[in-house]
Amino acid sequence: MSTGSICTSPGGRPAANPGGAANGRKAETLARNQEIYRRYREGTSVDQLAEAYFLAPKSIWKIIARLRNE
């Protein structure tokens, strides 16, 4: 029985950097999402945010919901 777990990629190989931890992508995404939420609270519409960040409106709503609950 194993005491730990290993994150694997779809090919079954261990992932090199889970969640982009090593390259800073996770921090960049968090900063982007916080900016989206700030702009939404300042009155920018979801459709405008989706267009500005090249995301679907549904993705913008998910970001807003996640940050609203923090």
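**Overview of the fold.** The protein chain has 3 helices and 0 strands. Helices (H or I, at least four residues) and strands (E, at least two) are DSSP runs, numbered from the N terminus. Along the sequence, the pattern reads α-α-α. This is a predicted model, in which local features need pLDDT of at least 70, side-chain atom pairs count only at pLDDT 80 or more, and totals for chains, interfaces and linings use all residues. Residues are numbered from 1 along each chain as its sequence is written, and side-chain values use heavy atoms, with hydrogens and water left out. Of the 70 residues in the protein chain, 19% are buried. Buried means under 20% relative accessible area, exposed over 50%, and partly exposed in between (1.4 Å probe, protein chains only). Among contacts in the protein chain with a separation of 6 or more, 27% join residues 24 or more positions apart. Contact means heavy atoms within 4.5 Å.

**View 1. Helix α1 crosses helix α3.** Helix α1 covers residues 25-41 and helix α3 covers residues 57-68. Their axes come within 9 Å and cross at roughly 90°. Axes are lines fitted to C-alpha atoms, for helices over the stretch in contact; angles run from 0 to 180 degrees between N-to-C directions. α1 and α3 are therefore roughly perpendicular to each other. The angle classes are roughly parallel (under 35 degrees), roughly antiparallel (over 145), roughly perpendicular (65 to 115) and oblique (the rest). From α1, the contact draws on Arg 32, Asn 33, Gln 34, Ile 36, Tyr 37 and Tyr 40. From α3, it draws on Ile 60, Trp 61, Ile 63, Ile 64, Arg 66, Leu 67 and Arg 68. By class, the contact of α1 with α3 holds 8 nonpolar, 2 polar and 3 charged residues. Ala, Val, Leu, Ile, Met, Phe, Trp, Tyr, Cys and Pro count as nonpolar, Asp, Glu, Lys and Arg as charged, and the others, Gly among them, as polar.

**View 2. An aromatic pair joins α1 and α3.** The whole structure contains 1 aromatic pair. Tyr 40 and Trp 61 form this pair, which is edge-to-face: 5.8 Å centre to centre, with 75° between the planes. Tyr 40 sits in helix α1 and Trp 61 in helix α3, 21 residues apart, so the pair links distant parts of the chain. Rings of Phe, Tyr and Trp (its six-membered ring) pair if their centres lie within 6.5 Å; planes under 30 degrees apart count as stacked, over 60 as edge-to-face and the rest as tilted. Tyr 40 is partly exposed at 24% relative accessibility. Trp 61 is also partly exposed, at 44%.

**View 3. Helix α2 meets helix α3.** Helix α2 spans residues 46-53. The axes of α2 and α3 come within 8 Å and cross at roughly 105°. These two helices are therefore roughly perpendicular to each other. Val 46, Asp 47, Leu 49 and Ala 50 of α2 meet Pro 57, Ile 60, Trp 61 and Ile 64 of α3. The contact of α2 with α3 has 7 nonpolar, no polar and 1 charged residues.

**View 4. Salt bridges.** The count comes to 2 salt bridges. A salt bridge is a side-chain nitrogen of Lys or Arg within 4 Å of a carboxyl oxygen of Asp or Glu. Arg 25 and Glu 28 form one, at 2.9 Å from N to O. Both residues lie in helix α1, 3 residues apart, about one turn of the helix. Arg 25 is partly exposed at 43% relative accessibility, and Glu 28 is partly exposed at 46%. Arg 38 and Glu 42 form another, at 3.0 Å from N to O. Arg 38 is partly exposed, with a relative accessible area of 41%. Glu 42 is exposed, at 57%.

**View 5. The loop between α1 and α2.** Thr 44 lies in this loop. Thr 44 is buried, with a relative accessible area of 18%. Leaving aside neighbours within four places in sequence, Thr 44 contacts Arg 39 and Leu 49.

**View 6. The loop between α2 and α3.** Phe 54 belongs to this loop. Phe 54 is not a glycine, yet has a positive phi of about 55°. Most residues other than glycine have a negative phi. Phe 54 is exposed, with a relative accessible area of 78%. Ala 56 lies in the loop between α2 and α3 too, and is partly exposed at 40% relative accessibility.
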